[in-house]
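Hi everyone, thanks for coming.

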Amino acid sequence: MAKPNLLIVGAGGVGAVAAHKAAQFADDFGSIALASRTEAKLQQVAEDVAERNPDITLGEDLITETVDARDKEQVADLIRKVDAGIVLNLATPYCNTAIMDACIETGTDYIDTAVAEEEHVENVPAPWYANFEWPRKSDFDKADANAVLGIGFDPGVVNVFCAYAKRHLLDEIESIDIIDVNGGDHGRYFATNFDPDTNLREIREDVIYWEEGEFKTIPHHSRKMTVDLPVVGEHDVYSMGHDELHSLPKAFPEAKRIEFWMGFGERYLRVFDVLENLGLISSIPVEVEGVKMAPLKMVKAVLPDPATLAEGYTGEVCIGCDIRGTKNGKPRRVFIYSTCDHTECFKEVGSQAISYTTGVPAIAAALLLARGEWDPKTMVNVEELDPEPYLDLMPKVGIDWKVMELPVDGSWPETSGHNSAGSDTSLA
């Protein structure tokens, strides 16, 4: 079987990690193409990849192409030009529909890490995947192409953890709490770890979670709990709407509750509240001296570029699933999780851990498609696929995972973790 050519769309922090990881596994792909709107950014990433991977020749093993990823025809033309067999969409979620439609038109396998969004639209009713992705499932069927949705870490690996738990650890799942904590310190007063346009908006929006057979909505930051996680230690986490909550209820209908929780430090929340109260996190355009602009765009322009946070970023992240249910008729509670060190990520690929924990899972999925180990020939959310090959491969690509038994009374045992200084950063 011929090795497929890989096209990575997006050259931000996650795209850069994916390019590095694809280069490390270049033998599994025919060629690797990296595409973005900005030529300078493409060249910077490509040169860094070549420098860290001496076997990679620019212009041959790794090529760069400029593209407007919101333009379906441009993306389709690029797919044909580089003869891509797999398209890895790591661009903004505003590009998802154009890239999906280009893959349908060309019969090309598609992977993404986040649900599609419309610019200037807020508080979309659940389930989000029903708006743009799922209606295209029949089109991927007709194109005889794979579409693997949401395979970053969350969404992505956490979905795989849930599938693994159902197959091996629990006979019945009663609840799923997805917990995401960044115990790191980037040294900035306030910054987001990925695109502020997406990050701040998802934090601001109403919280959606699944309970007793339906989606429920509550105000943001209105539900809080304290957790004590491996490596990062004790943190307050807040219920938040997130992509994976919109597909997991289909796969685990027996679960009475599925909820996503994210850690926020006090400083982060203070700054966020000020920005929100001033109306500066709104994505709805306002007119200023004859020019219409979303306030959030202005905030994004003055915040640090997430890609610049990597150097000097210290501490670790912990992301996992606290899953409760029964095994052999007895209550059981497990925590399936991964940790990742910011400093080590920077040493390896020049990235911080948040970009790393999205780029690595995406490339692991691309490898499974390239090797034919995943081949659904339709559109799927990742929890619908066999978790075994993925969890076997992911540590080899760069992220390990573990299972911890937790008390069934809902408490957290003291971990060997620690509270990292400067934990006023968000892993959102």
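Let's start at one spot: T326 sits opposite P331 in strand β16. Before going further, a word on the ground rules: this is a predicted model, where local features need pLDDT of at least 70, side-chain atom pairs count only at pLDDT 80 or more, and totals for chains, interfaces and linings use all residues. Residues are numbered from 1 along each chain as its sequence is written, and side-chain values use heavy atoms, with hydrogens and water left out.

Strands here are DSSP runs of E, at least two residues long, numbered from the N terminus, and two of them pair if DSSP finds at least two bridges between them. By that rule, β15 (residues 316-327) and β16 (residues 330-341) are antiparallel, joined by twelve bridges.

Now, the cysteines. How many disulfides does the structure hold? Zero, taking a disulfide as a pair of cysteine sulfur atoms within 2.5 Å. For C103, the closest cysteine sulfur belongs to C95 and is 13 Å away, so it is too far for a bond. C345 is in no disulfide either, with the sulfur of C340, its nearest, 3.4 Å away.

Are these two cysteines, C103 and C345, buried or exposed? Buried means under 20% relative accessible area, exposed over 50%, and partly exposed in between, using a 1.4 Å probe and protein chains only. C103 is buried at 0%, and C345 is buried at 2%.

Methods: Helices (H or I, at least four residues) and strands (E, at least two) are DSSP runs, numbered from the N terminus.
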